[in-house]
Amino acid sequence: QAQFVESGGGSVQPGGSLRLSCAASGFIFSAYSMTWVRQGPGKGLEWVSDINGGGGSRFYADSVKGRFTMSRDNAKNTLYLQMSDLKPEDTAVYFCARGVCRRNTFDGCDLWGQGIQVTVSS
């Protein structure tokens with residue numbers, strides 16, 4: 001059963017840091033690009049970042065560039081999102097997803113994690 005299990009979410013104060021993990025199983029993880037997507041309260045899905053299968057090419061939304069770092073450890077079948085200098089507007093449910101999906105429908109990603117809450121507040 002191909003799936004992702006996300007962990008590492010929680011609550012943090014503005015300016016703080018948090019690392020999300022997305023553990024993959026049931027498929028050849030290294031063969032796929034991966035994406036982080038988030039959905040804030042009352043908002044639609046927002047593309048955050050993506051990475052190629054080997055981890056050598058990474059791209060970020062302007063809203064998180066310079067603060068978030070995406071990485072992967074293919075030996076551990078795990079994707080990471082290191083979030084620093086967090087802001088209240090980063091509050092959202094964060095999803096890891098298989099593939100590259102920057103379109104409105106996010107159809108480019110065919111497998112999604114369960115989502116994990118990140119809350120940034122004083």
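# Terms and the values behind them

User: How many bridges join β1 to strand β3, and what makes two strands a pair?

Analyst: Five bridges join β1 to strand β3 (residues 18-25), and the two strands run antiparallel; since two strands pair if DSSP finds at least two bridges between them, β1 and β3 meet the definition. The bridge partner of Phe 4 in β3 is Ala 24. This is a predicted model, in which local features need pLDDT of at least 70 and side-chain atom pairs count only at pLDDT 80 or more, while totals for chains, interfaces and linings use all residues. Residues are numbered from 1 along each chain as its sequence is written, and side-chain values use heavy atoms, with hydrogens and water left out.

User: Which residues of strand β1 lie on the covered face, and which on the uncovered one?

Analyst: In β1 (residues 3-7), Phe 4 and Glu 6 form the covered face, whereas Gln 3, Val 5 and Ser 7 form the uncovered one.

User: How many helices and strands does the protein chain come to?

Analyst: The chain has zero helices and 11 strands, where helices are DSSP runs of H or I with at least four residues and strands are runs of E with at least two, numbered from the N terminus.

User: Why does the radius of gyration of the protein chain agree with a compact globule?

Analyst: The radius is taken over C-alpha atoms, and the globule rule is 2.2 Å times the number of residues to the power 0.38. For 122 residues a compact globule would come near 14 Å, and the protein chain has 13 Å, so the value agrees. Along its principal axes, the C-alpha trace spans about 40 × 30 × 25 Å.

User: What is the relative accessibility of Asp 85, and why does it get its class?

Analyst: The figure for Asp 85 is 43%, so this residue counts as partly exposed. Asp 85 belongs to the loop between β8 and β9 (92-99), and its phi is near 45°, a positive value in a residue other than glycine.

Terms used
Buried < 20%, exposed > 50% of the residue type's maximum accessible area, 1.4 Å probe, protein only.
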